[in-house]
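Could you walk me through this structure, one question at a time? Let's look at it together and work towards each answer.

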Amino acid sequence: MVNLGTKIGKLQLKNPVMAASGTFGPEYGELIDVNKLGAYIAKTITLNARIGNPPPRVCDTPSGMLNSIGLENGGLDDFIKNKLPPLKRLKIPLIASIAGDDAGEFKELTRGLSKSQKIEALEINLSCPNVKHGKRDFLIAQDEEATYETIEAVRRSTTLTIIAKLSPNVTDIKKVARAAERAGADALSLINTLVGMAIDIDTKRPVLGNITGGLSGPAIKPIALRMVREAYKSTRIPIVGIGGVMDYKDAVEFILCGASAIQVGTANFINPAASIEIIDGIKDYMAKNNIREIKELTGALKT
Amino acid sequence: MKQLKAKIIGNKRIAPDFYKMRLASAYLAKNSKPGQFVEIECSKGGEIFLRRPLGVHRILNDGIEVLYEVVGPGTKSLSAKTAGEYIDIIGPLGNGFFVQRTAYSAQRTAALVAGGVGVAPLVALAETLVNSSKLIVHSKRRKLYVLIGACKKGHVLCVNDLKKLGAEVVVYTEDGSLGKKGLITQGLTSLLSTINYELSTIYACGPYPMLKAISHIAESSGISCQVSMEERMACGVGVCLGCPVKAKSGGYKMVCKDGPVFDSKEIAW
């Protein structure tokens with residue numbers, strides 16, 4: 001009998017498949033049974049509402065896409081008042097995703113969300129490449145100290161499971177991963193998107209209104225696999241693998257590299273049923289290979 | 001909406017770079033409204049990654065038609081598909097045109113204004129307007145007006161289909177190779193000055209500058225105006241927030257979920 005269950009901090013998931021923040025919403029409930037997912041991750045919210053970036057915000061690239069949404073959201077109050085109530089009907093764990101300009105904003109968001117009975121974990125988005133955070137000209141996840149400070153502030157404000165979402169736009173992912181672990185993160189999720197561009201040679205302009213955007217999809221999977229493996233080898237906390245997961249084989253690759261769970265992001269846009277198909281695919285793979293538990297597979301890469 | 005595999009019944013080139021694809025799907029036939037769109041998977045994996053949003057061109061008894069222009073690798077790959085193949089579709093998506101009962105009554109009529117391939121969803125709308133008001137087809141005096149503007153002759157599409165429906169079709173091309181020379185906005189202005197009964201609604205689909213100009217004309221003439229907008233899209237269902245259009249109320253609305261058809265007064269042009 002195959003057991004797909006996995007643990008991320010205090011969070012017990014019935015299977016290791018989640019939909020990545022910002023790539024999934026209640027709208028997909030019309031197409032798939034959302035309650036089959038391991039957990040539901042809401043779109044990143046900020047303390048105050050954000051209008052987002054000017055269009056175009058998305059474009060197709062070879063084996064992937066660029067986006068520069070810019071964390072458009074209604075802010076914390078709107079989330080609690082309007083977005084959260086329908087999510088309370090979910091029968092699976094709910095993970096909120098937060099981003100802020102400084103430790104103070106992260107604290108405020110954490111306190112605001114920790115009061116809710118339904119939210120079981122927080123994914124700390126330290127790595128959205130499409131927004132400018134206050135005076136900083138780098139992402140939190142590009143700096144060990146900023147990462148430590150932010151995660152520590154969140155840790156002091158909640159007992160919920162904390163997942164630090166890291167950026168691939170760094171020289172050494174191991175250092176940032178360890179900083180998040182030291183600061184008290186229960187788990188790491190990686191990777192967020194890679195900063196990229198697309199150019200229209202007829203207009204000689206960037207395709208995206210924001211000039212740069214975040215690259216996602218199968219194009220970034222090899223980088224994500226390498227970084228998940230590095231983070232796995234340099235920390236002791238569970239890793240959630242993200243980056244171009246399109247099918248169960250991709251998911252298994254991440255698990256072999258050290259992931260305890262995975263997130264399906266861009267694939268949702270191509271095939272909204274991708275997550276469900278991946279859950280079934282992992283189950284079959286485990287049955288065929290006599291693997292009873294996900295943790296037997298986590299980090300089982302032979303080198 | 002549903003995600004489904006639809007069989008291609010036909011994929012015909014109707015003009016250089018323009019194709020009409022007929023898809024078999026009882027579900028889409030039953031549930032699609034004029035102005036809605038579908039997200040089509042152009043190739044499995046590979047170079048063409050995102051789905052492409054295409055407006056519903058005609059709603060048939062057993063399926064739908066989409067009419068598209070080959071503008072890039074996605075539509076290029078669609079154009080190579082042949083009858084008998086299956087393609088993966090999510091739809092119908094978005095809000096269609098809001099067809100007011102008064103739009104097309106005994107005293108009033110509507111004008112449909114198309115720019116280039118923007119005529120595609122307006123054919124479905126014209127069929128619905130005409131079929132829901134039998135009266136009009138028999139009226140010698142008053143007709144449904146369709147104004148089609150394009151850069152040149154080969155880009156003026158569906159004229160005969162619309163004439164067969166009983167519509168009065170006016171054509172403008174920028175180079176004068178078909179119909180009158182000029183922009184379709186001139187056509188609308190001259191229609192408004194010559195028409196001798198009430199124009200209740202303008203329905204428009206085309207490039208942004210055209211929609212903006214049409215919206216100004218409509219507003220200054222006190223005629224209600226619905227525009228079908230276009231933007232690059234990823235999910236098509238309102239999840240990714242990738243297809244914004246500036247709203248007058250502040251912030252953005254999403255073309256896929258809040259549109260693609262908007263009251264022109266909602267848009268911050």
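**Domains, confidence and helix packing**

Q: How many Å separate the centres of domain 1 of chain B and domain 2 of chain B?
A: The centres are taken over C-alpha atoms. The domain bounds, which come from an automatic or database domain assignment, are 2-93 for domain 1 and 101-230 for domain 2 of chain B. The separation of the two centres is 24 Å.

Q: What kind of model is this, and how are its residues and chains labelled?
A: Residues are numbered from 1 along each chain as its sequence is written, while chains are lettered from A and ligands numbered from 1 in the order in which they are written. Local features need pLDDT of at least 70, side-chain atom pairs count only at pLDDT 80 or more, and totals for chains, interfaces and linings use all residues, since this is a predicted model.

Q: Which element of chain B has the lowest mean pLDDT?
A: pLDDT is the predictor's confidence in each residue, from 0 to 100. Chain B has a mean pLDDT of 91, and 91% of its residues reach 70 or more. Among its elements (helices are DSSP runs of H or I with at least four residues, strands are runs of E with at least two, both numbered from the N terminus), strand β2 (residues 18-24) has the highest mean, 98. Where pLDDT is low, the predicted coordinates should not be read in detail, and the lowest mean, 47, belongs to helix α4 (residues 134-138) of chain B.

Q: Which strand gives the most residues to the side of domain 1 of chain B that touches domain 2 of chain B?
A: Two residues are in contact if their C-beta atoms, placed from the backbone, lie within 7 Å. In chain B, 14 residues of domain 1 are in contact with eleven residues of domain 2. On the domain 1 side, the elements giving two or more residues are β1 (2-15), β4 (52-59) and β5 (63-69) of chain B. The most, five residues, come from β4(B).

Q: How many residues on the side of chain A that touches chain B are nonpolar?
A: The contact takes 29 residues from chain A and 22 residues from chain B. On the chain A side, the largest share, four residues, comes from β5(A). Ala, Val, Leu, Ile, Met, Phe, Trp, Tyr, Cys and Pro count as nonpolar, Asp, Glu, Lys and Arg as charged, and the others, Gly among them, as polar. By these classes, the chain A side has five charged, nine polar and 15 nonpolar residues.

Q: Is α2(A) roughly parallel or roughly antiparallel to α3(A)?
A: Axes are lines fitted to C-alpha atoms, for helices over the stretch in contact, and angles run from 0 to 180 degrees between N-to-C directions. The axes of α2 (residues 103-114) and α3 (residues 144-157) of chain A come within 9 Å and cross at roughly 30°. Angles under 35 degrees count as roughly parallel, over 145 as roughly antiparallel, 65 to 115 as roughly perpendicular and the rest as oblique. Therefore α2(A) and α3(A) are roughly parallel.

Q: Why is α4(A) described as oblique to α5(A)?
A: Helix α4 (residues 173-182) and helix α5 (residues 221-234) of chain A pack with their axes 9 Å apart, at an angle of about 50°. Because of that angle, α4(A) and α5(A) count as oblique.

Q: How many charged residues are in the contact of α6(A) with α8(A)?
A: Helices α6 (residues 248-256) and α8 (residues 274-288) of chain A have axes that come within 8 Å and cross at roughly 65°. Tyr248(A), Ala251(A) and Val252(A) of α6(A) meet Ile278(A), Gly281(A), Ile282(A) and Tyr285(A) of α8(A). By class, six are nonpolar and one is polar, and the count of charged residues is none.

Q: Where is Pro260(B) found?
A: Most residues other than glycine have a negative phi, and most peptide bonds are trans. The peptide bond from Gly259(B) to Pro260(B) is cis, with omega near 0°. Pro260(B) lies in the loop between β14 (252-254) and β15 (261-263) of chain B.

Q: Where is Asp17(B) found?
A: Asp17(B) has a positive phi of about 75°, although it is not a glycine. Its place is the loop between β1 and β2 of chain B.
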